[in-house]
Amino acid sequence: MACRSGCSPINEDNARFLLLALFIIIYLLCGAAVFSALEQPKEREAKERWAQRFEHFSQKYNLSKKDLNNFLRNYEEANVAGIRVDTIRPRWDFTGAFYFVGTVVSTIGFGMTTPATIGGKVFLMFYGLLGCAATILFFNLFLERVITVIALVLKSCHERRHNKVVLPQNGRRVSDGNRASGAAAGEGGKGEDLAGWKPSVYCVMLILGAAAILVSCCASFMYSAAEGWSYLDSLYFCFVAFSTIGFGDMVSSQRVVYEGHATVAYRVGNFFFILTGVCCIYSLFNVISIVIKQVLNWLLRRLEAPCRCCFPRKAHHPHRHPRRNVVAPGHLRARRDPSIETDAINESETDPGRRMSGEMISMRDFLAANKVNLAIMQKQLSEMAIGHPRQCSSSSHQNGFSGGVGALGIMNNRLAETSMDR
């Protein structure tokens, strides 16, 4: 259906993708402007100070600038090989190599240690291919278990509150006697309400954020004491390392011996905090991505009215496939039919327990969160491999991503299946 201006309607998934791309471009431009304003004066000052020191040193020791530049280039080559002015731990003994491969498979890549031989560079390509894939799978399985535990704890707390206080339609508290007399009539409905209740994604995001902050704060105390960094610098290092950005300007556990500290205990603690912090931040990033997607869906709904040319409003049809890949408040959407390809029956939209939670978005709403993710790609590859589509079982109707191992697919499964007996 085309509008009068001649433009064809834009698919909602494509519109969401374009909106996200536009948001990222604007976000990058804003970030570049902020960092340029903050860091450029410091860079100019450092260049001027270095030029003065270079000139003073060449005149003091009667060295030509060409010879001095050649010497500095030689030091830069030695610096790449791991040679520093201060004494540091060996880079390529077994413990140093173990630290290096840890930064490789975790995709942190600090950059302070890099292979210099041809054999090392070739081996790194194959080693990183398998190691990074295995580590991402480990992060996914960690995310699966964390989301499951959080959902079970929150559901248990909700069940306790629901069992203590039962409110009828008139809003008055029900006594124990009246509650017992009406238990037979309402037992089935209450059970369905409790079974269908799901905690909010915002609550899960808050818990994961608190866990990430707690791990970062505890790790920062250790780094401040052991490395001699300021607490703010330690927090900065924790975020850079845990988020796998890994600039390499600050790297932990690089001294040969730590005075006043147990060296072995510190190295073990460093490994533990980096592993735990990366897992927490990885889980938090995936939950935040769902919230970002909900914001994009809200923006699309806001743009739908003034831009009906590009986002036409479709009439409801009993045989029309539902809009897929949508994360929106359950009370704002109508009941949809199941999609033939990837969508599941979204039971949370009409689930009484969903309405009881009073949250913007339930866990079962995550089922429609991402169409193009690793779970669906695996399903399509599997169908191509066996030559025909797989038959959908009853569980697949309840969860369209039940067979996936992707980050979002696993998170959706754990959140959607919390109310099921496992």
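Rings of Phe, Tyr and Trp (its six-membered ring) count as an aromatic pair if their centres lie within 6.5 Å; planes under 30 degrees apart are called stacked, those over 60 edge-to-face, and the rest tilted. A search of the whole structure finds 17 such aromatic pairs. One of them joins Y99 and F110, which are stacked, with 6.5 Å from centre to centre and 15 degrees between the planes. Because Y99 lies in helix α3 (residues 94-105) and F110 in the loop between α3 and α4 (118-164), this pair ties together parts that are 11 residues apart in sequence.

The structure is a predicted model, in which local features need pLDDT of at least 70 and side-chain atom pairs count only at pLDDT 80 or more, while totals for chains, interfaces and linings use all residues. Residues are numbered from 1 along each chain as its sequence is written, and side-chain values use heavy atoms, with hydrogens and water left out.

The protein chain contains 13 helices and 0 strands. These elements are DSSP runs, numbered from the N terminus: helices are H or I with at least four residues, and strands are E with at least two. Of the 422 residues in the chain, 36% are buried. Here buried means under 20% relative accessible area, exposed means over 50%, and partly exposed lies in between (1.4 Å probe, protein chains only). The accessible surface of the chain, found by the Shrake-Rupley method with a 1.4 Å probe, comes to about 25900 Å², and 64% of that area belongs to carbon and sulfur atoms. Contact means heavy atoms within 4.5 Å. Among contacts between residues at least 6 apart in sequence, 65% join residues at least 24 apart.

Leaving aside neighbours within four places in sequence, T103 is in contact with I108, G109 and F110. V105, likewise found in helix α3, counts as buried at 19% relative accessibility. With neighbours within four places again set aside, V105 is in contact with Y127, G131, C132 and T135. V105 and C132 are 27 residues apart in sequence, yet 4.4 Å apart in space from C-alpha to C-alpha.

An α-helix has 3.6 residues a turn, so residues three or four places apart point the same way. After α8 comes T244, whose phi is positive, near 60 degrees.

On the surface, L20, F23, I24, Y27, L28 and I292 form a nonpolar patch with about 580 Å² of accessible area together. The largest share of this patch, 5 residues, comes from helix α1 (residues 12-60). L28 is found in that helix and counts as exposed because its relative accessibility is 55%. Patches are made of residues with over 30% relative accessible area and no salt bridge, with like charges joined within 9 Å and nonpolar side chains (Val, Leu, Ile, Met, Phe, Trp, Tyr) within 5 Å. A salt bridge is a side-chain nitrogen of Lys or Arg within 4 Å of a carboxyl oxygen of Asp or Glu.
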